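Here is a short note to read beside the model. Keep the structure open and follow the points in order.

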Amino acid sequence: MTAATPFPARISIVTLGVSDLAASEAFYQALGWQRSGASNDSIVWFRTADSALGLFPSEELAADAGVPATGEPSFRGVTLAVNLESREQVDAAMTHAVEAAGATVVKPPTATEWGGYSGYFEDPDGHLWELAHNPFFPFTEAGQLDLP
């Protein structure tokens, strides 16, 4: 970070408001994600490739942000995505999310008009996750997207 760039272009943490912390923790563990030792009875953390995913009770998350807890809309205007190296990996990940974690398929994986392949599932609180293969977005050796 420099004086010319006080706001770095990175996302360090995504925190999802959840209605049942234990159920959501079990869901993400069933996906195969590793719970961080930084977790406690109030918040659960998962390590991801370049950031962290937090699970926090919805009403407490709203209070922390200083906004009213108005309930959960059916579509929040946000999706989370996991990009994968092939169509076969998208299919395998979707099957795993459904069979191991009980995810609900919202849109089965299908070829896209832009030349990729993607589908969506929702977690127990309706947060939408996209599983996608984008042949135009390569990965680094560390498994991170290497956007042009």
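How far apart are the end C-alpha atoms of helix α3 (residues 87–101)?

1. They are 20 Å apart. This agrees with the 21 Å that the 15 residues should span at 1.5 Å a residue, because the expected span is 1.5 Å times one less than the number of residues. Helices (H or I, at least four residues) and strands (E, at least two) are DSSP runs, numbered from the N terminus.

2. This is a predicted model: local features need pLDDT of at least 70, side-chain atom pairs need 80 or more, and totals for chains, interfaces and linings use all residues. Residues are numbered from 1 along each chain as its sequence is written, and side-chain values use heavy atoms, without hydrogens and water.

3. Val90, Met94, Ala97 and Ala101 of α3 are buried (under 20% relative accessible area; exposed is over 50%, partly exposed in between; 1.4 Å probe, protein chains only). Seen down the axis, the buried residues of α3 fall within an arc of 95 degrees, so they line one face. The arc is taken from the directions from the helix axis to the C-beta atoms. Glu88 and Glu99 are exposed on the face turned away.

4. The cover over the buried residues of α3 includes α1, β5 (104–111), β6 and β7 (128–133). Contact means heavy atoms within 4.5 Å.

5. Aromatic rings of Phe, Tyr and Trp (its six-membered ring) pair if their centres lie within 6.5 Å; planes under 30 degrees apart are stacked, over 60 edge-to-face, the rest tilted. The count is 6 pairs. Phe27 and Tyr28 are edge-to-face, at 5.0 Å and 80 degrees. Both are buried.

6. Phe27 and Phe121 form a tilted pair, at 6.4 Å and 50 degrees. This pair links distant parts of the chain, helix α1 and strand β6, 94 residues apart.
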